[in-house]
Each structure stands twice: as structure tokens, then as C-alpha cells.
Amino acid sequence: MKSHRTPPRFEPRRTGNAFIIATMLLSLCILSLIKARYCSVPNGVCVSKSQALAELEPTEASGMVTPKAGEAALPEDEEDEGSSITSQKIKIVAEKAAIDLSKPICSETSKRSNVCEAVGDIRLQGSSHTILLHPSLTDREWKTKPYCRKHDPPAMRNIKEWTMKPFPIGEPPPRCTVNHTVPALVFSIGGFTGNLFHDFTDVIVPLFISSYQFRGEVQFVVADIKPWWVSKFIVILKQLSDYDIIDANNEEDREAVRCFPRVIVGLSFHKELGVDPSKTPTGYSIVDFKAMLRKAYGLERPTAAPSGDPWDIRRKPRMLIISRKKTRAFLNERGMTDMAMSLGFDVRVAEPDATTDLAKFARLVNSADVMIGVHGAGLTNMVFLPEGAVLIQVVPMGGLDWLARDTFGQPSPDMQLKYMDYRIQADESTLSDEYPADHPVLKDPYSIHKQGWNALSKTYLDNQNVRPHLGRLRNALMDALKHLPHGRKEA
């Protein structure tokens, strides 16, 4: 904008100075007109209109925009929005020109996760796991595996690597076949998925952390896809994205080039089954995650508090026993059930597995006030428990307190659950039937730990069943009752 300034006063005899000042003012006016014509962007970065349109022309090549799930695509011959769109595109190019190339595209967000991000002219080729970036965004190549266990070689072994690099030098970038108007979020569902604990802690919770900020306006690009996995968790995926999932490995058009205004490759990990609100863009937490799950599955109980109706069956607290059959099984499940019923519990027993209908099981868990189970993936269903419910983890013998704490103990308070553990003693474990009393397995578990995870897992997780003392367990359940909002302080 031209400046309205009062001309300086001067003496008639100083005609030379007057001429110089007039020349300077005229130059400023001309420069202001040029800036108004060619630099009409708020951040003041000057890019000529012809240059901007030349850079953007390849992105416009297709005219095809990916619709939201269930919506029809716009026809290719639909008229452009005119000058408003043109100015918006010029602004995008100007913002790209201002990006500092010294800023890394990829960074470590935790010991478990790397995330790569770019904003600007981005072209994604799923079949080759390649993302091409405008040269103003980077001048080097970046590689990453978008799965949240980078510290775990066995988990990462089958995760395909993605490459991010600048457009090829000396030739035009590949022509866009599909234009997207929302960011792309690229992640893998390879690794240890198929185990419910890893489904949530490695993928679903990090996916929530990374995508909830977009309120559905984000396009998921899934690598190493497992169709059955997507089907199992589709209601959660639909809560986080309004768009149909793109299967990076199986594009119908193997030569497809998808153009995005922004891309994020990899998910952010905070902690096991947890969200650190201080690290999320708007302060959302695991409580918001649980609210999202209730909405996704239509769960009726946000809290464990019973209704005010004295005839409502929910005034009787419900206990859910997570059953196991292969390893770490309860050998006296029937006795546990009868004892809990004698304390006034409405008892249900269920064994989830990979084929379990997750929506139906989520509703069962949400109906419970107390959930008890031996350490294992089944306890991950705690995410469906209502606020104020009690989680009791039965910890197998073998010095596994740290494992129980890290996986389910520490996440519980943030989920607004009361956590209790029941530690199996030697005479409650089948290991006492297999080994003499002075054997290191019973006497010195940490000598087994020193042999590595495989030895620990084989001995204490894969080769142990439990038989809790009903007297000890009764005391634990009586304590659990005291934490429930059912007005039952005594058994």
C-alpha cells in the first residue's frame, strides 16, 4: 500500500535537493505499484504471478479431486473458482518459497517413533513407496518406516521403507492423476498387529494422537495393509477420517500419482496405551480417545455409576473375567465365579481372540464395573471400561511386576480407572509343579531375565497357568467393591 506522507519543506534556493527528493518519492511510488501487482500475499514474499502459475501447472493437470467417503467426485470439466483460487495458489507458492531448507523433514518424536512432515507441492506414488517434494521443501533424500516400534528389529523387519525426495532435476515432476485437498497421513499396519495390545499401543492410539487434530479432514494412506485388520477396526478409522482409506500397496492404477497440500509420514507415539496432552496440538488426551471409542461403538456407559432406579439390574455390580485357554489360564475359573457371585457380583466370563466381534465385546466390557484377567493382550479391552471401573491384573510369578506396570498399570489412572494387581505366588502357579523348590525359575527369576526376552517369555508367559487362592482373591474383590460408586462398602 502506498504511503500518504506530507512532502518535506525546503528553501527555494535548494533546487538540487528538491530534485533528488522528488526522484526518490517517484521511485517509491513505482515500487509500491509493482509490489501491489506482483506480491499480493500477506507474508510479503515476492513471487511473480507467471512464476507461481508455472510452478502450479503440473498439479492442476488432472483436475480430479478425491471426494469424502460416500460422495461423488467433481466432474473434470467443472469451472474453476477464478481469481480467488488463483490468488490462493500464489499464496501457497509464496509460502513454499519462504521455507527454511535447513529444517529437517523427518524428526524423532519419541524413542519409538519418527515422523516426517512437509507442506507444499507433494506427489505420492504408493506403488513405489515414494513421496516427491518441491525442491523448495528439501534438497536431500529422507527414508523412514512408518510404524511405532523403531527400537524393535523383529517388529520392523517386514515394514516397508518410504522415501521422500525432491523432484527429479532437469525434468518435469510426474503429472498428478488425483488431486487431494486435505493432508495425507501415511502409516503401516504391519509389525505386531493382530495382537490386540499392539493393535492399540502401536497403531490405534498413535493414529488418534496424529489425526484427531484434523477432525476428519485427513486422508489415511495405509501401507503393509491387512484387509481383515482394516475391517476389524473400520469404525474407529471412520471416526478419525472422513475419507476412504487408500491402500498404498494395491492401487488400481499402479502409476497413480496423488498430489497433496501436506503429508505426514509416520505416527507419533507418547507412551503405552497413552496420550500426553502437553504434546498434542490442542491438549486432547486419552479421555478424549475413550470418548471417541464410545461414540464409535455406541457404548452407553461413560461412568460406572449405576442409575437411580432401585429396580435397575445395574445397581448390582458386574464383574467380567477375561478367560484364557492356551497359556496363563485360570485353572479354577468356576470357583472364582461362584465366589464372586457370593459377594454380590453379576459375573460374566469371556475369552476374546483375533476373530472376536470387537463391537460386541466392547459393549460387554463397557457393561462391567470390575474386569479381571491374567497379564495378556485381553486386558487391552480396558479402553472400553467406563470411568470409575476397577481393573485387576493378575500378575504371573517370575518377577514380572515391571511388565505388568508398564503395560496396564501405568495407563489406568489416565483412563480414569482404579488399578489393582494380584501377584501370583509360587503355590498358585503351575511352575511349582514342574520345577523343584530350589530351582532358579522359582528361586531366582532374574537369572532367567538375564538370558533375554525369549527365555523370560518362554518360561513365565508361555509355560505357566495359575490357580489363585480363593481366600486371597476374595479379599481383593472386597477391596474392589469399596472403589465402586454403587454404595456397597461391605460385602
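**Close-up 1. Helix 11 is the top contributor to the lining of the largest pocket, giving five residues.** Welcome to a predicted model, where this pocket has a volume of about 1200 Å³. The elements that supply two or more lining residues are helix 5 (196-211), helix 10, helix 11 (401-409) and helix 16 (453-461). Of the 43 lining residues, Asn-195, Phe-197, Arg-328, Gly-376 and Ala-377 lie nearest the pocket centre. If you like to sort a lining by class, this one has 17 nonpolar, 13 polar and 13 charged residues.

**Close-up 2. Asp-369 sits in the loop that runs between helix 10 (358-366) and strand 13 (370-374).** Asp-369 counts as buried because its relative accessibility is 0%. Have a look at its side chain: one of its polar atoms lies 2.8 Å from the backbone nitrogen of Arg-318.

**Close-up 3. Cys-106 and Cys-116 form one of the two disulfides in the structure.** The S to S distance is 2.0 Å, and with 105 degrees about the S-S bond the link is right-handed. Cys-106 belongs to strand 1 (residues 106-108) and Cys-116 to strand 2 (residues 114-125), ten residues apart. Both Cys-106 and Cys-116 are buried.

**Close-up 4. A disulfide also joins Cys-176 to Cys-259.** Here the sulfur atoms are 1.8 Å apart, and the link is left-handed, with -90 degrees about the S-S bond. This pair links distant parts of the chain, 83 residues apart: Cys-176 is in the loop between strand 5 (162-166) and strand 6 (178-179), while Cys-259 is in strand 10 (residues 258-265). Cys-176 and Cys-259 are both buried.

Conventions:
Residues numbered from 1 in each chain as written. Predicted model: local features only at pLDDT ≥ 70, side-chain atom pairs only at ≥ 80, totals over all residues. Heavy atoms only, no water. Helix = DSSP H or I, 4+ residues; strand = E, 2+ residues; numbered from the N terminus. Buried < 20%, exposed > 50% of the residue type's maximum accessible area, 1.4 Å probe, protein only. Polar contact = N/O pair within 3.5 Å; in protein donor to acceptor, adjacent residues only side chain to side chain. 1 Å grid on protein atoms, 1.4 Å probe; cavity = no way out; pocket = protein on both sides within 12 Å on 5 of 7 lines; lining within 4 Å. Points joined across faces, edges and corners; volume = space filled by probe spheres on them. Nonpolar A, V, L, I, M, F, W, Y, C, P; charged D, E, K, R; others polar. Disulfide = S-S within 2.5 Å.
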